[in-house]
Structures are given as structure tokens and as C-alpha cells.
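Here is a short report on one protein model. Look at the structure first, then read on.

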Amino acid sequence: MAFEPFPDPPSWWGTFHATYTSVPHPPQGQALTLLDVRGSGKLVGTVINFWRPDGTLEGNPEITLDDSLTPQIEVTGTEEWGLGGDYWHGGHQTSLPLGGFPSGPDNPPGSERDGAALYRFLVADSIPFNRHLVFRLGHGSHNQSPYPYRALLLWYGTVRQTATLSDTLLPAQAGSRFQHGYQAVDEHFYDLRAAAIYQQGNITRSGTVSAASGALSFSLRLAANNVGAFLRRLFDYCTPNQSAAVYVDGAFAGIWYSAGVANHGPPGSPRHCWREEDYPLPAQLTAGKSAIHLRLVPVSLSQTPLSAWTAFRYQVYSFLP
């Protein structure tokens, strides 16, 4: 019998959870919420029972982290989440190491009562969260499937939050600009009324957006005991391929690239332009500081013309030790 000591303090690790959810009658027009937990941890796997591999599986898994308005992870369909594009070749059962479709409509008589099932294990690609995790699943392309669902979500976690909202900047508000020393070159403002990307329904929100073609700079407060941070931006994703070089207190931190552009949706529906996106700031640029000065310089990447850098809001979250 072999063992090795585990010296890490209890505040550094979370317990293992297997959260079971049953939805016998999926709500029409709404995605299923299979997990909603606050605290910090990581998602490591899912097992989902559904009716059969057909149009039901056109529903998209959506994973929203740390109170973001829009999901950071949006998958093109339930079958892709289970590593089975094209409905596992028309319902052919597969069992791969990290995902598969072990149960389907061609089960032996007497064993088909639970319908079909898929699994997905997240080992090297576990999904961390620092404040809040919500896992939603669409049931059909428009959340129209009436069939029952059951799910088991596997995750490690603790109720302790490891990121805290430290500061908020609203570029279109004069008081907020002054408070944060905000400056921008070649900037204009416009009003945007739109829905958020991946949002169920056509709920719209309004706001005044800053669009800058030149460099912009501002300061944000941090928790002095931070061990890193991330910057969050709510912006207009109907402006394509936005990219900017990021500098923290004069040091280059990397390129922030918001690739692509929002899908405008069917005729008669509102544009889904609002998107929230996170940019990690390494600990060596933030640790021990109670504030940082940021400089963002819009840049043109290969094959893409320079687009204005848009923002309705900036927020910074401090990672806590």
C-alpha cells in the first residue's frame, strides 16, 4: 500500500460533487438549467439522459462563469458536447475515453426505458470558476422538445469565492471617466439597443457605447492582496474582429482579440449585439498593487481591417489568495 502526504491547507481544495437534476417536462422556449452553483471550483464531467438522437440534440450547451452576462462557452449542439457529431453516425453507439453515446434507441428489449444517454469527461480541459457557474442545455433548436431529461454533473468546489469585483468603469459617463482618469483618441459614442448573444428570447437592453480607433487609457482599483486579476468588457459584438494590444503599467500583457461578429438573427428579431468577454491579467503585473493603469491600443491583425474598439463597461476582478 502506497501513499503520499497531502500538505495543502483545506482552503486550497474543494470537495467532489455529483449533482443530479431531473426535468420530466422541459419548459418550452427556455433552456434547461442543469447546474447553478456559487463559490469556486471546476466542472469535470457531465452525464445526460435524453429521449433519442434526433432534433432534440440541436440544443446548445451554454456555460456561464462568474456572473458574466453572456456565456463564455457555447457549443454548437448537444451531440458535439458528447463527441458525437452527426448524431453519432445516426445513432451508432460509441464509447470513447472522454465522451460517448453508450445508450440509444437500439438497446436490447427491456433496457431502452431510459432513452439515450451521453457522457463527457473534462480532464485536461476542466472548466474553472471563481464566483459562480451556470450550466444550461437547450432541448431542441428552439427549446421545443417535450421529452424528459436527466443529468448528472461532476464538479469540485467550495463555497468560498476566489475572485472579487474590484472596480467598474463606464466610458460614456463623465463622472466615471474622471474618476478613472479615462482618455481616448479618436473616440465617438452611440446608443445601442439590442439583445445579448446566445440569449433566450428577444429581451433587449439599451446603453451608450464608446467606439475608439486610437489608444485609450484608464486606471482601475484592485484588491491589494491579489494574486492576479481579469478584465471584463461589455461591448458591441456587431462590430467585427476587434483587437487591441493591452499594457499594464507600461508592460505589454498581450493582444485582446474578439474574433468574428454577431449573427443578426432572423428577420423581425432584434440584433443580438451585446457580449461580455474576459481578459486575464498575469499575477506578475498585478500582485501587491492596489491599482493598475491600463492602456489599450487598437491594432489590425493579419487579413482583418482595423475595427473600432467598443465598450459600454469595463470591470476588473481580483483573484484572492
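## A question to start

Which residue in strand 21 does Ala244 stand opposite? Ala244 faces Pro298.

This is a predicted model, in which local features need pLDDT of at least 70, side-chain atom pairs count only at pLDDT 80 or more, and totals for chains, interfaces and linings use all residues. Residues are numbered from 1 along each chain as its sequence is written, and side-chain values use heavy atoms, with hydrogens and water left out.

Strands are DSSP runs (E, at least two residues), numbered from the N terminus. Two strands pair if DSSP finds at least two bridges between them. Strands of a sheet pair through backbone hydrogen bonds, either parallel or antiparallel.

Strand 18 covers residues 242–248. Of its 7 residues, 6 are buried, so the rest of the structure largely encloses strand 18. Buried means under 20% relative accessible area, with exposed over 50% and partly exposed in between (1.4 Å probe, protein chains only).

Strand 18 pairs with strand 21 (residues 291–298) over 5 bridges, in the antiparallel sense. Strand 18 also pairs with strand 19 (residues 251–258), antiparallel, over 7 bridges. There, Ala245 stands opposite Ile255. Strands 18 and 19 form a hairpin with 2 residues between them. In the turn, Asp249 has a positive phi of about 50 degrees.

Strand 16 (residues 216–221) pairs with strand 21 over 6 bridges. Leu216 stands opposite Leu296 of strand 21.

## Two pockets

A pocket is found on a 1 Å grid over the protein atoms alone: it is an open set of points where a 1.4 Å probe fits, with protein on both sides within 12 Å along at least five of seven lines, and lining residues have an atom within 4 Å of a point. Grid points are joined across faces, edges and corners, and a volume is the space filled by probe spheres set on the points.

The largest pocket holds about 760 Å³ of space. It is lined by 25 residues; Asn60, Glu74, Ser141, Tyr198 and Gln199 are the closest to its centre.

The second largest pocket holds about 300 Å³. Among its 17 lining residues, Glu62, Thr64, Leu69, Pro71 and Arg136 are the closest to the centre. Strand 10 (132–137) gives the most to this lining, with 3 residues.

Terms used. Helices (H or I, at least four residues) and strands (E, at least two) are DSSP runs, numbered from the N terminus.
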